[in-house]
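Visitor: I'd like a close look at a single part of this protein. Please keep it brisk.

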Amino acid sequence: MSRYPSLAPYESTAATAKLRSQLERVRGRMRDKAVLDQAVAKLATRENIRPCEAAERLAGMAQYSGLEPDEVARRVQAPPVPDLPLPDVGDWVKPMLETFHDSASYSCPVKDSFGRVVDFFVVAVNSHCKTPDGRIGEELKGQRLLTISPGVAASGLLDEYITAFETGVPFHRALMEHVEIMGERLWPSTMSVRAARVADGLLLSWCVLDDKDMLVSGWRRAQDAAGLGWGEWNLATRQAIWTHQMYEVFGRDPGAGPVALEDIPAMVLPEDLPVLDDVIDSLLEARESIETEFRIQHRYGVRHVSVVAEPLLDTVGVPVKLRFLVQDVTRVRRRERAEARAQERAVRQRERAEEEHRVADHLQNTILPVGRGVRRLPGLAVAVRYLPAEDLARLGGDWYKARAVPDGRALLVIGDAMGHGLTAAGIMLQMRAGLAGLAHTGAPAHQLALWLNTLLTSTNEGVTVTGTAIIGHFDAKDRTFAWTNAGHPNPLLVRDGRAELLEGSRGPLLGVFDAEYELTTTRLEPGDVLLFYTDGVVERRGADLDTGVRTLIQAVQACVAEDPDELIDCVLERLGGDHMEDDVCLLAARVL
């Protein structure tokens, strides 16, 4: 009974079915290609033409008949085998072929009516000659090469054979993947091929790799792909053998031969010599296998070498040989160091961002202490709400001002300093503090905006500092709101349950040179509500600003609340205020 569990419970999975389907499609394409190759070879042999010309004829037949090429290919009949005597090529041919360890044949050229070589006719083979599909040498004598091996046309081998014959330059192709078809059966193989002109014929030799050869070849390719080197030191004879990759790992010229075991310490960096000492002690004294890593001085600089080594012991336990499997892992260590540095930078940046957020948040809370509830200003009931962004890096410079000025009017302002973090908080502080002093002059809103713009441009030389704001005065005597817009979204006017954008001229951002601002006067009625907001309320990822404004208007109209504080709560709930991507500020002022 097998000690391995059965695969039966897993055979019906979707992944298994998909893989089987994919494999079957690949095998089907291989069969179709092999059938086409065989048909081309049959047609070329029957018509005594070159395979490329036969392929063109086959394509024309498929187009003319309306059938698929593989269906036409299966209908191509093999040409009759001519009963021709083998030409006399001399007694020297057979002994020459027997000197080859691999399969070998000697062929004469087959020419068309124009005198071109189109194929070869096998006249002699050695006694151990064998094709990939198992046919032995005597079966091949008297046949054309395209009949024996239809795949030589599609693989390009026949063209190489013809070139080698016509030019006299030998040809060699090593470890090629070759597929033949005989009786609808695929015969894939990995083989090496040689061809050379000898006298008036072509000498061919080929070697099909068996399973053992494939394993050895595969291991060599794996060594090259992984950068693995293998070496063995004979402690008795002091001789060593190295694979070619071992020389690459240690940066040594193969012509100089392997490094003597006692010379290895001279290549190791002094800081890593204790590691090498431990390796030698483990191998020679403790007689144990080891796995470690140390650095060596390579011709291209310092290299990191991973080592797996073992001692070979005689019958009484004395080490007689040491075997090393090494790999250059310098790229891996460099990548690890780069990733570690990148991670450290990310941690430092995150820590700085978090600290900046804490400072900016504290600054915001100190400057803008937003309490819940309604405050009274001349002719107005006002409520404000400020919500910082969930993302620490997006803490912005939203700000507001709602206060009475000495002339009896109410100053209503909302603004946004461009940027995030401490920079935005600093600009916000500059704008808010500057406006607080300017507002005491009693100047109209558009003049305040112009002075605020001059303040930003004159006190931040060499640095571009910008912001937006709505600045306005409400006069309770005639219920007018005189305001100006410095690049900010227009406020909403809510009247009789209907919300719409307040109409007014929009001026440039604050912080630009030669700016001009216009004053707009809007007459209000008792019960009207002005809703001011920053861009974080209406900006959504993947949606334009107009869509965000329409969404805000719908939310406002769906909220039935006379109290401005309750109105803000309702609007934020409908807009998902707990998950805003940016910081937001809303100011609602109801006319009494």
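Visitor: Which residue follows H7, and is its phi positive or negative?

Guide: Gly168 follows H7, and its phi is positive, near 80°. A word on the numbers before we go on. This is a predicted model, in which local features need pLDDT of at least 70, side-chain atom pairs count only at pLDDT 80 or more, and totals for chains, interfaces and linings use all residues. Residues are numbered from 1 along each chain as its sequence is written, and side-chain values use heavy atoms, with hydrogens and water left out. Helices (H or I, at least four residues) and strands (E, at least two) are DSSP runs, numbered from the N terminus.

Stay with H7. Its buried residues are Leu157, Leu158, Tyr161, Ile162, Ala164 and Phe165. Buried means under 20% relative accessible area, with a 1.4 Å probe and protein chains only. These residues lie on the same side of H7, because they cover an arc of only 160° around the axis. The arc is taken from the directions that run from the helix axis to the C-beta atoms.

H7 (157–167) also gives two or more residues to the lining of the largest cavity. So do helix H5 (145–148) and the strands E2 (117–125), E3 (171–182), E4 (185–198) and E5 (201–208). On a 1 Å grid over the protein atoms alone, a cavity is a set of points where a 1.4 Å probe fits but cannot get out; lining residues have an atom within 4 Å of a point. The count is 1 cavity of 30 Å³ or more. The largest cavity holds about 270 Å³ of space. That volume is the space filled by probe spheres set on the points, which are joined across faces, edges and corners. The lining has 20 residues, and nearest the centre are Leu145, Ile148, Ser149, Val152 and Trp206. By class, 13 lining residues are nonpolar, 4 polar and 3 charged. Here Ala, Val, Leu, Ile, Met, Phe, Trp, Tyr, Cys and Pro count as nonpolar, Asp, Glu, Lys and Arg as charged, and the others, Gly among them, as polar.

Now compare a strand. In E16 (residues 480–486), 7 of the 7 residues are buried, so this strand is largely enclosed by the rest of the structure. Both faces are covered. Thr480, Ala482, Thr484 and Ala486 are buried on one side, and Phe481, Trp483 and Asn485 on the other.

Next, the partners of E16. Two strands pair if DSSP finds at least two bridges between them. Strands of a sheet pair through backbone hydrogen bonds, either parallel or antiparallel. E15 (residues 467–475) pairs with E16 in the antiparallel sense over 7 bridges. Within that pairing, Ile470 has Asn485 of E16 as its bridge partner. The hairpin of E15 and E16 has 4 residues between the strands, and there Arg479 takes a positive phi near 55°. E20 (residues 520–523) is also antiparallel to E16, over 4 bridges, and Trp483 stands opposite Thr520 in E20. E19 (residues 506–507) runs parallel to E16, joined by 2 bridges. Asn485 has Arg506 of E19 as its bridge partner.

Notes. On a 1 Å grid over the protein atoms alone, a cavity is a set of points where a 1.4 Å probe fits but cannot get out, and a pocket is an open set with protein on both sides within 12 Å along at least five of seven lines; lining residues have an atom within 4 Å of a point. Buried means under 20% relative accessible area, exposed over 50%, partly exposed in between (1.4 Å probe, protein chains only).
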